[in-house]
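This report covers the contact between two protein chains.

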Amino acid sequence: MRIKKATRRQLREHNLQLILRAVHAGIADSRAALAQETGLAKPTVSNLIGELIDEGLLVEAGRGQSAKTGGKRPRLLEFVPVARQVIGLSISEYGLHGVLSDLNGTLQAEHILRYDDPPTQLDLNDVAGVINGLVAQLDAPLLCLGIGVPGTVEADESVTFAPHLGWQALPLVEELGDTYDVPVYIENNTALSAVAQFAFQASNQASSLASLIVNSTVEIGYVLGDTDFYSGRNLGALRPDPAGQTLDELLGWSAIKAQVAQARRAYPDTLLPERVRFLDIRYGTAQGDAASQAVHNHIEDVLAQLLAWIIALLRPDHLSIAGGVADLGDYLLARVLDRAADYIPPQTLDKIHFSLVTDPHLDALGAVAYALQQDLGIIQWQDKSA
Amino acid sequence: MARQIGIITNDQTKVFQRSVIAGIQIIAEQADYELLVDSRDAAQAPHQQTDLPLGRLAGLIVIANATSDAFLHEAYAGGIPISLISHRVSDPPVPTVIPNNAQGIAKMVEHLVVTCGREQLVFINGDLNQNDGIERRDAFLQELTRHNLPIDPQRLLEGRFIPAVAADSLRALLATDTSFDAIIAADYLMALEAIAVLKDHGLRVPQDVAVIGFGDGPEARDHGLTAIAADVAELGKRSARQLLGQINGLNIRGTTLLSVSLEIRESCGCSLQNANS
């Protein structure tokens, strides 16, 4: 591995991010305080602040109080969240979900394109079409694009192995960067969902978060705050029992539909419709429908085991269940935790914060958070307990 | 000659249409465009040919189902930039702007069931030939399921976004069923009419029946109606921007969704409960 010295440009970008992050987080709001906080020389700080004010990202906002030792009252600095906007886009086999956000991650506009049936080959014109839907709504200059994809993102930021989308080694960053003339940041959707939860939803005491996402397949996202580490992986091919079925065959949506079909045959008077949704399983379970309860029990069983492994391996502070399965609601979570106590000591479970995640914006907001972190360095998923 | 944008709408004097057009006007004027409005009678609207000079227009905005899908397909395929408001056309999907109906209905049901403790819900439908009417009904059925509440077809009333129709439907229900404890109306004008009918029937709002409407306006505020606030003028602005984007060369696919919020007032009873507690 070759270790390279940072260029002057890289150093300047890094220092700009330091200043911006300190003001955004409320750690320091004057030139003197920023110099002290960052360790940079005062002339350097002033120079950097001048550039950020010229860019409109900071403004001077009155005078603060003099130091106890006296002296001039410092000019205070404020971050300007509306100075730029960011587009975050989540791409999946179900469609494209885009959001327009200010620099605080506050939603300004939303644009979607849903697929009735997953396409065998994703049309890049659809991707541009949704981004354009948000470009048309811009109130401020576009800073950057964040894109979440269901496939593997290589180090060179090409997307490989997104089988549902028919993508192989697609240079998405290059294509979109050329079209929109802004930086484009791309990452796996599962990782971004975890990032969004950690940045915008997790409790202030959480320094790590794991998210089990169950839709057509089973995935896990993980964020370790104090090291900037995050990851998203597909677990669907794993076999809990070497001689048995894969997780997708146990818990993926096709498997759940098969379970429902089996339950409908066993209980002909069931409330479960032929075209079932998770909400129908929830409703049937609440009404005491035997078929619904059978399917619900199966889901609880598999999820409890999965949660036990995740807790044993990762020991997250916060563990969430997301995806379509979250539509089963709080009763699912309560039952799963009851069962997980068969595998994990209660005192371990008590130290973890659990939640269900049903926010439809999560992947797209994760793309925004990721883009803001990469471009401006202002979204923190560092250790929140610090 | 001034650049022009055409608008095709049902009755432009109605509250919804007026507010939408006002929003469109703001953005159009900023971009130096004039508006030409083709306002037609709702009953005849989808079948009526437009008198707008399509060949001279920079683009077209169509509000709800004011014209036929066949016309939209033809015009869009012919290269006219089009933005739809509260309407969807697929194959090809014409760009559209709609309020987030599912979000609004979810907030209403959640509020009534979880916060206000009501479980016997009645729903007054909008126009089931319009996108907003269909989406709000579908979302209501979904939210009942989410909250483990049964779906009673007798409590899904015809409204068609017409207050008088909503009133007749509610009177018919009251003749056989007074055990419900909340009404959600697909728009706020129908909700206000529902309150009047309930009071005529000797029922107290909100003590006996909580009422919530979709959409907000001065009348809703004046009558203390809890409502889903969907900024209708903003709908018009977003649509105008979507159209201008296309006029300026952007190929747009899909739907811009307008977020909504719940404004809690007296008609749901929760502010009263909070005061009493």
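## Salt bridges and polar contacts

The model is predicted. Four salt bridges link chain A and chain B. One of them joins D327(A) to R146(B). Their closest N and O atoms lie 3.0 Å apart, within the 4 Å cut-off for a salt bridge.

Polar contacts between chain A and chain B involve 16 residue pairs, with both residues at pLDDT 80 or more. On the side of chain A that touches chain B, β5 (107-114), α4 (124-135) and α9 (278-286) each supply at least two residues. The residues on that side of chain A comprise twelve nonpolar, eight polar and nine charged.

## Extent of the contact

Chain A brings 29 residues to the contact, and chain B brings 21 residues. About 2100 Å² is buried between the two chains. Carbon and sulfur atoms give 46% of that area.

Which residues of chain A lose the most area to chain B? They are E110(A), Q137(A) and Y283(A). Together these three account for 26% of what the chain A side buries.

## Strand pairing across the chains

The two chains also meet through strands. β5(A) pairs with strand β11 of chain B, residues 255-258. The sense is antiparallel, and the pairing runs over three bridges.

Which residue stands opposite H111(A) in β11(B)? That residue is T256(B).

How values were computed. Residues numbered from 1 in each chain as written. Chains lettered and ligands numbered in written order. Predicted model: local features only at pLDDT ≥ 70, side-chain atom pairs only at ≥ 80, totals over all residues. Heavy atoms only, no water. Contact = heavy atoms within 4.5 Å. Buried area = accessible area lost by both parts, 1.4 Å probe. Salt bridge = Lys/Arg side-chain N within 4 Å of Asp/Glu carboxyl O. Polar contact = N/O pair within 3.5 Å; in protein donor to acceptor, adjacent residues only side chain to side chain. Helix = DSSP H or I, 4+ residues; strand = E, 2+ residues; numbered from the N terminus. Nonpolar A, V, L, I, M, F, W, Y, C, P; charged D, E, K, R; others polar. Pairing = 2+ DSSP bridges.
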